[in-house]
Amino acid sequence: MCDKEHDVFAGVEALLAQAAGAELPPPAERARLRRAAGLTQAQIARELGLKRRETVAEWENGEREPRPPRRTAYLQLLQALAERFPPPAAPMVPGDAAGAGANGEHSPAGVASPANSVSAAAPAAPQQPPVDRASAAAPHSANPPGPARPPANPPSTRARSASRGHHGARRQLPSQQKTPEAVEFITGRVRAALAEHGGDTEAATAALVRKAIPDVMELLEICRAGGRYDFSCHPALPDLLHRRPGRDADDVWEARPKWSVDAAVLPPGEYAVTALDMNGAYLSALKTHLPIGALEHHLGPDEGGPAWDRRRSGIHRVTPPTWPHPHMPSPLGNREEPGPLWITEPTLRLLLRAADKGWCAPPLIHESFTSGASEGLLEKMRDGMVHARRAALEAGDEVTVEYLKAMYSKFVSTAGESNYNREIYRPDWVHAIRSQAFANLWHKAERAHRAGLRVLRVMGTDELHLTGDWRSVFTEGRDVHQVKVKDAYTVGVAAGEG
């Protein structure tokens, strides 16, 4: 652009700024308007041509101010949002200097909190992140409770905490620090879909499910902002991770079984069986050791290579140990073919853990493809989904629950070789997440067995069929650490059956 054209555009920007009003709203109001519209900082940064999402965050917490020409565009956006989303009334609570909402109750995720209008002079207190209620829903511990702890934010400190502004909002629990924007993104999309379809929950759910793949990738981008690893890079992968022509699978064994106990090991009689469903199996499995770079080949320790390194992750060719326990599924599931096979990192770790507990001998590791690993690579996204799901369940919001289920399940199914998701190409991640889901289920089966229950069947990654008082072992509910009853039936075993 030549100097003359630049002067013309600068003059137009000045006129637009004068017409729209020279003053930007307070920082907290900027954030409120964005949340009310269901927008993310990443979306605004992209539309304004910013390279960093953090720039919008700095505008919203008052650390920086936008400069022309983006200042005018940002101001016009806020003005338009202010017309559509006026601030709600903010009644004062007698005796509470922090005003509405200062009684310690947090607003549901994604619901705008009282704040000043665009023309207000003083910034409003920032919206608090959602409360982590995992401890309230957790089963009772067998240990006696310790001494009572004071509340995290007693009434005498609320007004002081509110006055700290942005820096005060950072003084939250770690699980609360990393979830607000993910929760805002999810609830904003649900709110926008409901508004677009006039409150029709079925139509809104269908629309959200259709957009689950691009939405979950945008959510991952938001949660990975500032991360050292670019998830969108596509490192070269070994041939064994590519699907064979004419086959639906590659050479890696995921251990997703349809295992049933042999009737020969059951005493004759009738058994009342309860089929338990593990909530959010793939959502929980997002916390697993994922390789964060290109996979490098090396021999295993049983072939003269380096010892297994828990700081690395990948796939391994092993000779599995003999599994002499007909009353428990093998960590390899229902695989019956003998000899070496390629397994994932979660399956190898499960075999090694079972060996440490005396279930079997350690596997022989012949060769591996591994890279440096991180168990928390998807943790921020997973944590945000868990918080949003928990809040939705408490509110009876099935639209959000179904939307989240579509997001994490479609992420797992399309993160490998898929025409539906071109942003990420990591079939090794897909294998690892699916195997982690089964490893989590296997640990629950082991827990039930050690508690004296009888394991009769294991189905896939989320179904456990038991006899006995399962409520003494598991907590019933819909949270990710709880289980729900899927079926109940009776099985009869005749004498000599096998």
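This is a short exchange on how terms are applied to a predicted model.

Trainee: What makes a local feature or a side-chain atom pair count here?
Mentor: The model is predicted, so local features need pLDDT of at least 70 and side-chain atom pairs 80 or more, while totals for chains, interfaces and linings use all residues. Residues are numbered from 1 along each chain as its sequence is written, and side-chain values use heavy atoms, without hydrogens and water.

Trainee: Why is Gly-492 called partly exposed?
Mentor: Buried means under 20% relative accessible area, exposed over 50%, and partly exposed in between (1.4 Å probe, protein chains only). Gly-492 has 49% relative accessibility, so Gly-492 counts as partly exposed.

Trainee: Where does Gly-492 sit?
Mentor: In strand β11, residues 483-493. Strands are DSSP runs of E, at least two residues; helices are runs of H or I, at least four; both are numbered from the N terminus. The protein chain has 17 helices and eleven strands.

Trainee: How much of the protein chain is buried?
Mentor: Buried residues are 46% of its 498 residues.

Trainee: What makes a set of residues a nonpolar core?
Mentor: Its members are buried Ala, Val, Leu, Ile, Met, Phe, Trp, Tyr and Cys residues, joined through side-chain atoms within 4.5 Å. The largest such core has 42 residues; Leu-219 and Met-381 are among those with the most contacts inside it. Helix α16 gives the largest share, eight residues.

Trainee: Which residues does Met-381 touch, leaving out those up to four places away in sequence?
Mentor: Contact means heavy atoms within 4.5 Å. Met-381 touches Val-216, Leu-219, Leu-220, Cys-223, Leu-286 and Phe-411.
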